[in-house]
Amino acid sequence: MADLILFRKINAMNQNTPKIPLHDPRAHLRINKLQACPNCFRPKNNCICEKVISFPNRVKIIILQHPQEQYKLLNSARLAHLALKNSKIRVGLSWPNLKAVAGNDQIPSNWAILYLNSSKSSKPCQIIDRNKKEILDCSFIKGIIALDGSWKQAKSLWWRNPWFLRLNRISLNPDHPSLRGQTRSEALSTVEAIAMALDCIGEKKEISESLRAQYAQLVVSTEMTP
Ligand SMILES: [Zn+2]
């Protein structure tokens with residue numbers, strides 16, 4: 001029954017895409033580095049470089065990617081980066097501070113990080129400052145940090161980068177399941193989480209809608225064997 005509801009929700013979101021199983025067996029598959037496109041990191045026979053539709057997003061997105069996540073078959077961080085002109089990816093485990101990833105002119109109070117929230121909130125998206133006070137007007141936010149990795153890897157990034165605690169937090173509580181089956185019901189892929197955060201801070205709706213549609217296309221066009 002749960003799967004049926006999931007399929008209905010997914011199909012409502014993407015009328016033209018086939019059904020995708022709840023726990024996608026491709027989630028842990030990796031691409032052979034030698035057979036990957038050096039730009040989009042997709043298998044060369046599934047390169048998306050010429051297909052990606054990109055947008056000039058207002059708030060900068062920086063994706064901090066765990067090194068083990070780079071060549072995952074269904075990794076969505078590279079798609080998010082290619083689709084968002086004002087974005088970058090840094091691969092690694094730790095950085096000394098925000099300036100090291102965002103530039104010397106950036107200050108933590110103007111940045112937010114997507115937060116791993118396991119407690120259910122009544123709101124689909126909530127922004128709080130470092131003192132846990134809710135932020136209602138987020139027009140001062142200049143950039144968002146998104147972590148790309150499994151839950152375990154993302155937790156590890158939190159421990160290794162104590163400067164994350166100085167940033168505002170965007171807590172996501174999605175009311176729809178991830179297009180790709182996730183091990184936790186509230187988890188989203190990186191591009192889905194970024195799309196939700198962009199909605200939350202008031203970016204144009206067409207950007208988040210396109211990110212979701214492009215991710216759906218990537219998932220359905222990816223063959224089982226990399
Ligand atoms: Zn490519």
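This is a short tour of the structure above, one selection at a time.

**Before you start**

The model is predicted, so local features are described only where pLDDT is at least 70 and side-chain atom pairs count only at pLDDT 80 or more, while totals for chains, interfaces and linings use all residues. Residue numbers start from 1 along each chain as its sequence is written.

**Stop 1: the whole chain**

Colour by secondary structure. The protein chain has six helices and six strands, where helices (H or I, at least four residues) and strands (E, at least two) are DSSP runs numbered from the N terminus. Along the sequence they follow the pattern α-β-α-β-α-β-β-β-α-β-α-α. Of the 226 residues in the protein chain, 36% are buried; a residue is buried if 20 or more other C-beta atoms lie within 10 Å of its own, exposed if 12 or fewer, and partly exposed in between, with C-beta atoms placed from the backbone.

**Stop 2: the sheet**

Select the strands. They form an open sheet of six strands in the order β2-β1-β5-β3-β6-β4, with mixed pairing; two strands pair if DSSP finds at least two bridges between them. β2 (87–91) and β4 (125–128) are the edge strands, each with a single partner, so one side of each has no neighbour in the sheet.

**Stop 3: strand β5**

Now select 143–148, which is β5. On one side, β1 and β5 pair in the parallel sense over six bridges, with I63 opposite A146. β3 and β5 also pair in the parallel sense, over three bridges, and I113 has I145 as its bridge partner.

Which residues of β5 point one way, and which the other? G143, I145 and L147 point one way, I144, A146 and D148 point the other way, and all are buried. In a regular strand the side chains alternate between the two faces of the sheet. Because six of the six residues of β5 are buried, the strand is largely enclosed by the rest of the structure.

Zoom in on L147. This residue counts as buried because it has 25 C-beta neighbours inside 10 Å. Leaving out residues up to four places away in sequence, L147 touches L64, L114, A154 and L157; contact means C-beta atoms, placed from the backbone, within 7 Å. Show Q65 too: it is 82 residues from L147 along the chain, yet their C-alpha atoms are separated by 6.0 Å.

**Stop 4: the nonpolar core**

Select A80, L114, I144, A146, I194 and A197, the residues with the most contacts inside the largest nonpolar core, which has 52 residues. Such a core is a set of buried Ala, Val, Leu, Ile, Met, Phe, Trp, Tyr and Cys residues joined through C-beta atoms within 7 Å. Elements that each supply at least two residues of this core include β1 (60–65), α2 (77–83) and α6 (205–221). α5 gives the most, with eight residues.

Click on I144: beyond its neighbours within four places in sequence, I144 is in contact with V59, I61, A112, L114, I170 and A197.

**Stop 5: helices α5 and α6**

Finally, show α5 (190–200) and α6 (205–221) together. The axes of α5 and α6 come within 8 Å and cross at roughly 170°; axes are lines fitted to C-alpha atoms, for helices over the stretch in contact, and angles run from 0 to 180 degrees between N-to-C directions. That makes α5 roughly antiparallel to α6 (under 35 degrees counts as roughly parallel, over 145 as roughly antiparallel, 65 to 115 as roughly perpendicular and the rest as oblique). To see where they meet, pick residues including V191, I194 and L198 in α5, and I207, L211 and Y215 in α6.

Definitions and conventions
Two residues are in contact if their C-beta atoms, placed from the backbone, lie within 7 Å.
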